[in-house]
Amino acid sequence: MRHKKDYRWTDRVLYYCVKKVNDVVSVLARPSPLLVGQTNRSQIVFHSNMELSVSSHRLCNSSCSSSSSLLFNSRIIKVPLVSLSNHHQHKLLLFNRLHHKLNTTTAASMETQSAIPHASHNGSSITGRIGEVKRVTKETNVHVKINLDGTGVAENNTGIPFLDHMLDQLASHGLFEVHVKATGDIHIDDHHTNEDVALAIGTALLQALGDRKGINRFGDFSAPLDEALIHVALDLSGRPHLNYDLQIPTQRVGTYDTQLVEHFFQSLANTSGMTLHIRQLAGKNSHHIIEATFKAFARALRQATEYDLRRGGSIPSSKGVLSRS
């Protein structure tokens, strides 16, 4: 053993780790924010030749910068474990195997994620998958912008308050960014504006999805809202179809004609190329039934548009293509 005066402070820390190896093992065996937080993935490595190796960046304070490169390229300091019992040595060997598997799994995960296109249809790697549509007719003027990789931000003004409320549900529960601005002939009724908003949203989804590489494609969710329970299943297949089975007991919610709910989803399915099934499992209150429908739709769409890491960026179809028919 070296003379005490020759010890660096790191040597003293490592010697303490050897003395307290049981505590070290128990801490590392628990999920800890240290493994993914301030000292991101700092490692204590146990080798089969019975040496305790500590990555040098592990000894930094909490302000030290950290990255995945440190996990694989950090300098190693080694201390012989001359004073460990057989029980401790067995623990270290087991942990060494777990550590090796962690490194292997992390490397594979990083490679897989790097192969997945987190980008919009136009190739942007910063802004996310975005679709933007402007639809102008003699009856309406609609502008829609949707980001599938958003955070739930909604900014909607269609002139139809209840529809705005439902579009807020789409953003909030789908974690999309949904911006809709529309003017229309609502002095006649809400039909044209409701329809054209849905057509524009469907077209924006079509743009944002692009070639649909790497996505889950399928989504399925049941959403309760008090006494109401609505089930939505969808397939981003490129083939538009709507199976709609809601029994809404009143003709209006506020000023909104409840017949327009079906027309909204039919229009959206037509332009997005989506197969969409909506079923009412329970419900008596018209507002609850419609709102639960939009919430279930948002969650199912979120599932379908998210990336499948195992797919590695390939198109989720045995035919090798998903296109709007």
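Student: Is Asp211 buried, partly exposed or exposed?

Tutor: In this predicted model, Asp211 is partly exposed, with a relative accessible area of 42%. The class follows because a residue counts as buried under 20%, as exposed over 50%, and as partly exposed in between.

Student: Which residue forms a salt bridge with Asp211?

Tutor: A salt bridge is called when a side-chain nitrogen of Lys or Arg lies within 4 Å of a carboxyl oxygen of Asp or Glu. For Asp211 the partner is Lys213, and the closest N and O atoms are 3.9 Å apart. Lys213 is partly exposed, with a relative accessible area of 37%.

Student: How many salt bridges does a search of the whole structure find?

Tutor: The search finds six. One of them joins the side chains of Asp149 and Arg129, at 2.9 Å from N to O. Asp149 belongs to the loop between β5 (140-147) and β6 (154-157), and Arg129 to the loop between α4 (86-114) and β4 (130-136), so this pair ties together parts that are 20 residues apart in sequence.

Student: Which residue forms a salt bridge with Arg217, and how far apart are the closest N and O atoms?

Tutor: The partner is Asp235, with the closest N and O atoms 2.6 Å apart. Arg217 sits in the loop between α6 (191-209) and β8 (218-225), whereas Asp235 is in strand β9 (residues 228-235); the pair therefore ties together parts that are 18 residues apart in sequence. Both Arg217 and Asp235 are buried.

Student: What is the case of Asp190, which is buried?

Tutor: Asp190 has no salt bridge, although it is buried; Arg252, the nearest side chain of opposite charge, is 5.5 Å away. The place of Asp190 is in the loop between β7 and α6. Leaving aside residues up to four places away in sequence, Asp190 touches Ile160, Thr255, Tyr256 and Leu260.

Student: Let us turn to the sheets. What holds the strands of a sheet together?

Tutor: Strands in a sheet pair through backbone hydrogen bonds, in either a parallel or an antiparallel manner.

Student: In which sense do β5 and β7 pair?

Tutor: β5 and strand β7 (residues 177-184) pair in the antiparallel sense, over eight bridges. Within this pairing, Thr140 has Gly184 of β7 as its bridge partner.

Student: Do β10 and β13 pair in the parallel or the antiparallel sense?

Tutor: They pair in the parallel sense, over five bridges. For example, the bridge partner of Leu242 is Leu276 in β13.

Student: How far apart are the end C-alpha atoms of α7, and what span should its residues give?

Tutor: At 1.5 Å a residue, the 13 residues of helix α7 (residues 260-272) should span 18 Å, and the end C-alpha atoms are 18 Å apart, which agrees. Just after α7, Gly273 takes a positive phi of about 75 degrees.

Student: Which residues of α7 are buried?

Tutor: Among them are Leu260, Val261, Phe264, Phe265 and Leu268. The buried residues of α7 pack against several elements, including α5 (161-174), α6, β13 (275-282) and α8 (286-305).

Student: How many helices and strands does the protein chain have?

Tutor: The chain has eight helices and 13 strands. Buried residues make up 44% of its 325 residues.

Note on methods:
Residues are numbered from 1 along each chain as its sequence is written. This is a predicted model: local features need pLDDT of at least 70, side-chain atom pairs count only at pLDDT 80 or more; totals for chains, interfaces and linings use all residues. Side-chain values use heavy atoms; hydrogens and water are left out. Helices (H or I, at least four residues) and strands (E, at least two) are DSSP runs, numbered from the N terminus. Buried means under 20% relative accessible area, exposed over 50%, partly exposed in between (1.4 Å probe, protein chains only). The expected span of a helix is 1.5 Å times one less than its number of residues. Contact means heavy atoms within 4.5 Å. Two strands pair if DSSP finds at least two bridges between them. Lys and Arg count as positive and Asp and Glu as negative; His and the chain ends are not counted.
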